[in-house]
Amino acid sequence: MSVLSISHLKKSFDGKEVLSDISLSVEQGEVVVIIGPSGSGKSTLLRCATFLETMDGGDLSYNGISAMTNTAPCVYKPEAELRELKSNFGLVFQDFNLFPHFTVMQNLCDAPVHVQKRDPEEVKKQAKFLLEKVGLADRGGAYPGQLSGGQKQRVAIARALCMNPKMLFFDEPTSALDPEITAGILRVMRQLAAEHMTMVIVTHEIDFARRVADRVIFMDGGVIVEEGKPEDVIDHPENARTQEFLRKLS
């Protein structure tokens, strides 16, 4: 069974269709990387998949459980049922979205304790382990304003993991970082991939996609133009739009 399944997703803003008939499934342990030009609908797809935007049409399900009671037009299930579905995933933004008035440790522990109602000591123990995992074991008492951009992004990844999600979404996690810091973030993500964490990653890091992805999706104009193994889509693309995009990047 797919962890995530999207069928015939449609999304418009002010009458302009941004996503057109998108269908996508992600299997347990799979790393899916989405590439494409700016404005192609990549981030909107992630925002729809994580309930930050409401779909206009189509179906969205996690582990076989649909978020909809009706698919055209979309009618979502009650908030209590959606909350259960939201527990399946974590989301890492490009701009970190940390609470500035919380320490690093408080940023990690707040939602597991107050939303998931888990034991504070157990959560704190997990948070310490995750900070060590992302190379920030000594920064638990720091505030986000005292951290570099790369450190903030590693905290954001640890915070998402602290919720024990079944999968993680990354929306261009390195776009606001310089190349040297980007390498550290990608190293953490490669480690997660090696541990078989299910991930959907929107990125322009083509070399990273080639090395880590099980599947690469190229989007343009609100549709999936081409998808397949990295060696097919990146190294031997069949579609002219994919070829042009990769040629410009290189």
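These questions and answers cover a helix pair and an aromatic cluster in a predicted model.

Student: What is the relation between the directions of α3 and α5: roughly parallel or roughly perpendicular?

Tutor: Helix α3 spans residues 104–114 and helix α5 spans residues 149–161. Their axes come within 8 Å and cross at roughly 25 degrees. Angles under 35 degrees count as roughly parallel. The two helices are therefore roughly parallel.

Student: Which residues of α5 make the contact with α3?

Tutor: The crossing of the two helices is right-handed. On the α3 side, the contact uses V104, N107 and L108. By class, the contact has four nonpolar, one polar and one charged residues. The α5 side supplies V155, A158 and R159.

Student: How many residues apart in sequence are the parts tied together by the pair of F51 and Y62?

Tutor: The rings of F51 and Y62 form a tilted pair, 6.4 Å centre to centre with 40 degrees between the planes. F51 lies in the loop between α1 (42–49) and β4 (57–62), and Y62 in strand β4. The pair therefore ties together parts that are eleven residues apart.

Student: What is the geometry of the pair of F51 and Y76: edge-to-face or stacked?

Tutor: The ring centres of F51 and Y76 lie 6.3 Å apart. Their planes are at 70 degrees. Over 60 degrees counts as edge-to-face. The pair is edge-to-face.

Student: Why does F51 count as buried?

Tutor: Buried means under 20% relative accessible area. F51 falls under that cut-off, because its relative accessibility is 14%.

Student: Which residues do ring pairs link into a cluster?

Tutor: The structure holds seven aromatic pairs. Ring pairs link a cluster of F51, Y62, Y76, F89 and F169.

Key. Residues are numbered from 1 along each chain as its sequence is written. This is a predicted model: local features need pLDDT of at least 70, side-chain atom pairs count only at pLDDT 80 or more; totals for chains, interfaces and linings use all residues. Side-chain values use heavy atoms; hydrogens and water are left out. Axes are lines fitted to C-alpha atoms, for helices over the stretch in contact, and angles run from 0 to 180 degrees between N-to-C directions. Helices (H or I, at least four residues) and strands (E, at least two) are DSSP runs, numbered from the N terminus. Angles under 35 degrees count as roughly parallel, over 145 as roughly antiparallel, 65 to 115 as roughly perpendicular and the rest as oblique. A crossing is left-handed if the near helix is turned anticlockwise from the far one by less than a right angle, and right-handed if clockwise. Contact means heavy atoms within 4.5 Å. Ala, Val, Leu, Ile, Met, Phe, Trp, Tyr, Cys and Pro count as nonpolar, Asp, Glu, Lys and Arg as charged, and the others, Gly among them, as polar. Rings of Phe, Tyr and Trp (its six-membered ring) pair if their centres lie within 6.5 Å; planes under 30 degrees apart count as stacked, over 60 as edge-to-face and the rest as tilted. Buried means under 20% relative accessible area, exposed over 50%, partly exposed in between (1.4 Å probe, protein chains only).
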